[in-house]
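Subject: Structure handover

Hello,

Here is the structure I said I would pass on. My notes on it follow below.

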Amino acid sequence: RLIAAADADRVALFPSGTAALNAAIGGVVRPGDHVVTTDIEHNSVLRPLHALQSAGVEVEFVGCDARGWVNPAEVLDRVTPRTRLVAISHASNVTGAVQDVDAIGQGLRETPALLLCDAAQTLGYVPLDVNQMGIDLLAAPGHKGGCGPLGTALLYVSAKAQEVVRPISFGGTGSSSESLEMPDRLPTMLEPGNLNVPALAGWEAGLAHLATHDVAVAMDRSAAQARRLGEGLSGLSGIRVVAGDRLPIASVIFPGDSATLVASLLDSEYAVEVRVGLHCAARIHRSIGSHPHGTLRISGGHFTTDQELDRAITAIGEILHDGVP
């Protein structure tokens, strides 16, 4: 229901978003294929594609602007009759910029290419309709906006993608045990071995909680907090802020490598937890001007309050006022 999948069997469960993305990429891309992806991607997409290049897969990258947005027309312009997969994050984990995946999906409908959407940052925060958006493969972990524990994730597979996908892990499925071939039906073909049942039970509880809230309302609240965070940080001097307008995620760029020191002070002096560095996103930092040191990233969630965001903004302002860096 959360992603508007027509059939529960189209959703396979995994121990992480990384595992789900690897199953999607490794399951559909063949030697000699052409893949279009972008500079905003997480290493969970970039590294599997990089590994496949040695097997004769051609990977073409579309850049982003200084705010982390990708032009859908540029993505579609790179698609050829040989393109097997277009892979794009619904939102950058570095900047929070939500991409126009819908436009890409509509543009691919009459082509053989499959659309893979990494919804790690948007599941539970932004309404998702895989059919309306033209998404063939959607991967996301459960522990972020999905309100689940670590060790949970999903991969949605459309009817179009099912004709192409093949398993990359093999083992027992509790069915067709007489055959050495993996079953060809979903989700069994992608779920060998035992699943993490306790974690999935926790995720079910989290999804039940999420179901009591209107995702559209959550999206409005998220957008309001995104504006609050972006405007508050942009009012501070001596830094540059890169942020979207729909998710409360913002990257702060400090001179040199001083972001690490600022993060340490936020932790020790203000009890504010942030993350510093490249955020497992190898390519985006050249586009947004944060290479090679990366950014200090602030990210809120379902239970983050306006007061907590204000406290983080005030704390960074005080550190800057005191001359650090």
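Strands β6 (residues 137-141) and β7 (residues 153-157) form an antiparallel pair with five bridges. Two strands count as paired if DSSP finds at least two bridges between them. Helices (H or I, at least four residues) and strands (E, at least two) are DSSP runs, numbered from the N terminus. Within the pair, A140 has L154 of β7 as its bridge partner.

Before going further: this is a predicted model, in which local features need pLDDT of at least 70 and side-chain atom pairs count only at pLDDT 80 or more, while totals for chains, interfaces and linings use all residues. Residues are numbered from 1 along each chain as its sequence is written, and side-chain values use heavy atoms, with hydrogens and water left out.

The seven-stranded sheet

Both β6 and β7 belong to an open sheet of seven strands with mixed pairing, ordered β1-β7-β6-β5-β4-β2-β3. At its edges are β1 (11-14) and β3 (58-62), each of which pairs on one side only. On average, neighbouring strands of this sheet are turned by 20° against each other, direction ignored. Axes are lines fitted to C-alpha atoms, for helices over the stretch in contact, and angles run from 0 to 180 degrees between N-to-C directions.

Helix α1 (residues 17-28) lies across β1, β4 (83-89), β5 (114-118), β6 and β7, and runs at about 160° to β6. Contact here means heavy atoms within 4.5 Å.

The nonpolar cores

A nonpolar core is a set of buried Ala, Val, Leu, Ile, Met, Phe, Trp, Tyr and Cys residues joined through side-chain atoms within 4.5 Å. Buried means under 20% relative accessible area, exposed over 50%, and partly exposed in between (1.4 Å probe, protein chains only).

The largest such core has 33 residues, and L115, I135 and L138 have the most contacts inside it. Elements that each supply at least two of its residues include α4 (101-108), α5 (130-133), α7 (197-211) and α10 (284-288). The most comes from α4, with three residues. Leaving out residues up to four places away in sequence, I135 touches V101, L115, C117, V130, Y156 and S158. Another core, of 29 residues, lies apart from the largest one; V45, L116, L137 and V157 are among its members.

The four-stranded sheet

A further open sheet has four strands in the order β8-β9-β11-β10, with antiparallel pairing. Its edge strands are β8 (240-243) and β10 (275-277), each pairing on one side only. From one strand to the next the twist averages 25°. Helix α8 (residues 215-234) packs on this sheet and touches β8, β9 and β11, its direction making about 15° with that of β9.

A hairpin of five residues joins β8 to β9, and the two strands pair over four bridges. Here V241 stands opposite V252 in β9. On the other pairing, four bridges join β9 (residues 249-253) to β11 (residues 295-299). In β11, S299 is the bridge partner of I249, and R297 stands opposite S251.

Why is β9 largely enclosed by the rest of the structure? Five of its five residues are buried, so β9 is largely enclosed. Both faces are covered, with I249, S251 and I253 buried on one side and A250 and V252 buried on the other.

Regards
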